[in-house]
Each structure stands twice: as structure tokens, then as C-alpha cells.
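Subject: Structure handover

Hello,

Here is the structure we spoke about, followed by notes on what was found in it. Please read the notes with the model open.

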Amino acid sequence: MFTIVPQPVEVRSLEGESAHITSATRLVTGTGGAELELGVVLAGILGTLVGQAISLVQSDDPDEAPQPGDIVMRIDEATGPAGSTSDERYTLESRDGAVVVSAPAYAGVVRGVATLGQLLSPTSTGGFVVPPVRVVDAPRYPWRGLSLDVARHFFGVDDIKRVIALMTRYKLNVLHLHLSDDQGWRLEIPSRPELTARASGSSVGGGPGGFFTVAEFDEIQRFAQARAITVVPEIDIPGHTNAALQAYAELNPDGVAKDAYTGIEVGFSTLDASLPATKDFLRDVFGDLASMTQGPWVHLGGDEAHGTEREDYETIVSFAADVLRDAGKVPVGWQEFAASPSSAGGIVQLWHMELELEPVAAAARAGAQVVLSPGNRVYLDMKYHEGYPLGLDWAGHVELRDSYDWEPTEAVPGLDPEAIVGIEAAVWTETLTNLDELSTMLLPRLTAVAEVAWTARELRDWDSYARRIAGQAWRWERNGLSWHRSPGVDWAE
Ligand code: TNX
């Protein structure tokens with residue numbers, strides 16, 4: 001029984017020897033510069049997985065037979081399931097005591113290594129063993145994300161790296177960071193220094209807050225990129241903007257800067273479309289943000305703008321979307337952005353099943369792509385059950401099985417399934433103040449979302465998933481990650 005999550009396309013036991021990963025294990029890559037870089041990163045990832053340094057060897061003969069204990073990485077077009085064109089496809093073979101991971105591109109090798117990490121089990125002598133097996137795999141959706149709110153409570157670079165490492169294990173590939181809200185501004189914007197100087201120093205409940213410098217944001221993106229994860233930064237406009245209104249007085253119609261906000265209400269703040277200062281602000285912020293962003297996407301928020309007139313909403317979001325397009329980025333916005341013509345050619349992110357859904361289907365017909373984050377399924381800040389000490393409950397209680405048992409193509413009536421680029425979990429941090437609390441909300445639910453996003457519909461099955469996920473908890477514990485004992489899974493004692 002293999003306990004791989006998400007379930008791969010094909011997993012087959014082979015005959016023969018297991019591979020023993022010990023301190024003598026070598027990571028073997030090709031001799032190209034890119035392959036060396038890949039080897040260094042993967043040796044690091046693998047080293048953390050097995051808890052020991054892994055030595056890196058470059059071989060210029062791809063056909064050379066691996067030695068027992070070797071882990072071989074190969075860039076090879078002819079891998080993964082027939083018909084898949086994904087860069088993330090891979091084939092993993094553990095046979096004759098060695099492991100070979102091959103993929104057409106870096107991303108696929110990283111996904112194969114994640115599978116390898118789950119196949120490893122510790123031996124009594126301190127090493128690890130990989131059973132003889134062949135895995136052939138590729139994702140269902142190209143966008144498999146986690147949205148993390150660092151505005152309500154701030155989480156620093158080290159915590160973000162822990163989250164990225166967790167995402168890597170479950171083959172998630174998009175980290176969406178919610179970097180501004182009423183309670184604080186969390187990213188240095190060089191052309192607008194007052195944002196972080198004046199509006200980063202508090203959070204929900206009045207705590208100390210914090211922000212990422214340009215260099216730290218870069219460090220996060222590079223750490224993610226090494227794991228084939230793209231960072232999508234979000235600056236939320238035109239609502240959720242009290243921090244901006246606090247930093248720059250001229251963004252307020254009365255010219256008076258707002259006070260810091262430490263509550264958890266939403267929908268009271270807004271940018272003002274009639275003020276000339278607003279466009280200058282949007283141009284500066286989204287211009288800088290686009291140039292700081294390595295990936296193709298930038299999120300402009302657009303949700304819950306209850307204090308913004310319809311026309312003003314359109315003026316503001318379409319202006320920001322144009323700034324992003326001019327800078328070569330694809331704009332992403334929450335569900336409400338679907339109503340803006342500027343969402344065509346961009347991405348709309350569904351979140352609230354009780355808001356109108358038809359505009360999402362219509363935006364898709366007009367050319368938008370759609371990311372699904374239905375609150376009642378994948379909002380991992382929802383309480384697991386009544387009385388749970390952490391989280392909110394506006395979208396109901398969300399247990400593990402709720403996060404698992406739903407079909408993306410059936411979520412929005414009339415939505416062309418071809419428009420769905422993927423699934424994104426979201427965790428909002430009004431009630432979450434540290435990594436332990438965050439991780440208890442993510443685990444195990446994040447792994448269910450990862451399987452919905454990765455695994456083909458016909459291969460998905462709750463009973464199978466429940467069995468496989470039970471085999472993962474010791475790995476979380478080994479990594480010091482808190483988790484919730486969801487019902488319906490036979491967790492080991
Ligand atoms: C709704 S999701 C929000 C956030 C809150 C979240 C809490 C979305 C686009 N807006 O502002 O933090 O609910 O679950």
C-alpha cells in the first residue's frame with residue numbers, strides 16, 4: 001500500500017530490491033549548468049526530507065547505470081503519462097536499489113522528488129528505504145494554490161518558507177500572498193515609502209505587525225521558484241484599503257489620514273475615484289509591484305468594496321488592471337472583478353458561493369480564466385466544527401471531507417470547464433497569530449485541496465484518500481507542524 005497524496009495517475013509495485021538512502025547516497029544529475037543548479041536545490045530539499053546531507057555528483061553519461069543507493073535526476077521529454085504536455089509531469093522508478101526521477105523540465109523533477117519524499121520510510125539504522133515502485137504522474141490543473149493573508153496578522157520570511165516547504169510536499173505550485181488590508185501594509189513599495197513607514201506597525205488586536213522589504217520579497221520568490229512555486233502578490237483595492245488611507249492623507253476626500261484599524265470588520269474603507277491622487281497612487285503601487293514580481297500574475301483584490309460606487313469601482317480596478325497589463329502582467333481579481341470588462345484576458349477568483357455566480361460564467365465567456373476557491377470547501381480559516389477555538393464560520397464549518405468531496409467542474413452552473421485553470425485554498429488570519437495555529441488550520445485540509453487540484457476526477461476517492469492521509473501525519477510531526485485530528489480518518493496513535 002502506497003500512501004502518496006495527491007494520488008498519482010499510475011502507481012505500480014515492482015519486483016526486486018528496495019533502494020536504501022543512507023549517508024552514502026549520491027544525487028546524480030547531468031552536467032549542464034541548469035542541471036547543476038537543479039541538483040544543488042534538490043540536494044537541499046532532499047537533505048531536509050531525509051535529515052542528512054546528500055552529496056551531489058554530475059555524470060555526463062545519461063545511460064550510465066545507477067549504483068545502488070543513487071538518486072538520479074534526468075531531464076527527459078519522454079516521461080509522464082501518455083498525452084500529458086505538462087511541465088510538471090514525471091516518472092519515478094525505484095528499481096534494483098536505485099531511484100530515477102525523470103521529467104521534461106525542472107518543475108516535473110521537483111514534483112517527482114515530492115513523491116519520493118512520501119515513499120521514503122525510516123529504517124532502524126537511521127537511513128531511509130524506498131520500495132521498488134514505478135510512478136507515472138501529471139497534474140489535472142496547472143494552478144494549485146494557497147492564498148495566505150499576512151495582513152490581518154503578519155507572518156515573517158521564516159514562516160513563509162515553512163509554508164512553501166509544506167506546499168512543495170503536496171505539489172502545490174502557486175503561493176498567493178494577501179499583502180495589504182485595512183489592518184496593515186505588508187510589502188515595501190519603493191516609490192511609496194510611507195505605506196510601510198506608517199501603516200505596517202499594527203495588526204488585528206493591535207499586535208506589532210511587520211512587512212517584507214524588497215529584498216525579503218525577492219528571497220521568498222526565489223525560495224518558491226526553486227520549488228517550482230510561483231508567488232502571486234495581492235494588493236487589495238478599492239476596498240480593504242484603510243492602511244493606504246492611513247499612510248497617505250491625500251487619498252482621503254477630507255485630506256485627513258485615517259487611524260490604524262485593528263478590528264475585523266470588512267467593507268468600510270475605499271479609495272476615491274474622483275481624487276487625482278488615487279491614480280498616481282495606483283500607478284506607483286502596481287507599477288512597482290509588477291516590477292518586483294517574478295511570475296506572470298499580480299492580484300488586485302477587488303473584493304467586498306461595499307463602500308465604493310459601482311462606477312468608481314470600475315474606474316479604479318480597470319485602471320490598475322491596465323497598469324499591470326502595460327507592465328506585462330496578467331491581472332487577477334476576486335469574484336467581484338468578474339463584473340469588470342477588464343477581467344477579460346485576466347483571472348477571476350471565485351470565493352463566495354452566495355454571491356452571484358453568473359458573472360463568473362459570463363466573464364469566462366468573455367475570455368477570463370477562473371480559479372476556484374469556494375469558501376465552503378477550501379477556506380481553511382473556517383472552523384472545523386462548532387466551538388472550534390480558531391477560525392471564522394461565515395461559510396459554515398469545513399471538515400476534511402468537505403474540502404475533499406467536491407467536483408470543480410460542478411461548482412459554478414454554466415461555467416465552461418475549460419476556463420477553470422485551477423483551485424486555490426485560502427487562509428485568512430483574523431484569528432491566527434502564529435505558525436502553530438496556521439498549521440493546525442492547514443493540516444490536514446490543505447492536502448485534500450491539493451488532491452482535488454492534482455488528481456483526475458476518476459482517480460479521486462474519499463476512502464482511498466482517508467487511508468493515504470493517515471500515513472502522512474508522522475511526517476508533519478517530524479517537521480514540528482501542528483495538525484487537527486479530523487474525524488473519518490483512522491489516524492495512528
Ligand atoms: C472574506 S475572501 C474576505 C476576507 C476575509 C475572509 C475571512 C475575500 C475575498 N474576502 O477579507 O478575511 O472572508 O474568511
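In which loop is the place of Asp96? Asp96 sits in the loop between strand 6 (90-95) and strand 7 (98-103). Helices (H or I, at least four residues) and strands (E, at least two) are DSSP runs, numbered from the N terminus. Asp96 is not a glycine, yet it has a positive phi of about 50 degrees.

Some ground rules before the rest. This is a predicted model, in which local features need pLDDT of at least 70 and side-chain atom pairs count only at pLDDT 80 or more, while totals for chains, interfaces and linings use all residues. Residues are numbered from 1 along each chain as its sequence is written, and side-chain values use heavy atoms, with hydrogens and water left out.

Cis peptide bonds

Pro6 belongs to the segment before strand 1 (10-13). Ile237 and Pro238 are also joined by a cis peptide bond, with omega about -10 degrees. Pro238 lies in the loop between strand 15 (230-237) and helix 6 (242-247).

The ligand

There are 13 residues around the ligand, and Arg152, Tyr379, Asp381, Trp394 and Glu430 come nearest; a residue is near if one of its heavy atoms lies within 4 Å. By class, this shell has seven nonpolar, one polar and five charged residues (Ala, Val, Leu, Ile, Met, Phe, Trp, Tyr, Cys and Pro count as nonpolar, Asp, Glu, Lys and Arg as charged, and the others, Gly among them, as polar).

The atom pairs below are N or O atoms within 3.5 Å. A polar side-chain atom of Asp303 lies 2.9 Å from a nitrogen atom of the ligand. For Arg152, a polar side-chain atom is 2.7 Å from a ligand oxygen atom. An N or O atom in the side chain of Trp394 is 2.7 Å from an oxygen atom of the ligand. On its own the ligand has 370 Å² of accessible area, and the protein covers 97% of it (Shrake-Rupley method, 1.4 Å probe).

Helix packing

Two packed helices are described by the angle between their axes and the distance between the axes. Axes here are lines fitted to C-alpha atoms over the stretch in contact, and angles run from 0 to 180 degrees between N-to-C directions.

The axes of helix 3 (residues 157-169) and helix 12 (residues 435-442) come within 11 Å and cross at roughly 20 degrees. Helix 3 is therefore roughly parallel to helix 12 (angles under 35 degrees count as roughly parallel, over 145 as roughly antiparallel, 65 to 115 as roughly perpendicular and the rest as oblique). The crossing of helix 3 with helix 12 is right-handed (the near helix is turned clockwise from the far one by less than a right angle).

With helix 5 (residues 214-225), helix 3 has its axis within 10 Å, at a crossing angle of roughly 15 degrees.

Regards

Technical notes. Polar contact = N/O pair within 3.5 Å; in protein donor to acceptor, adjacent residues only side chain to side chain.
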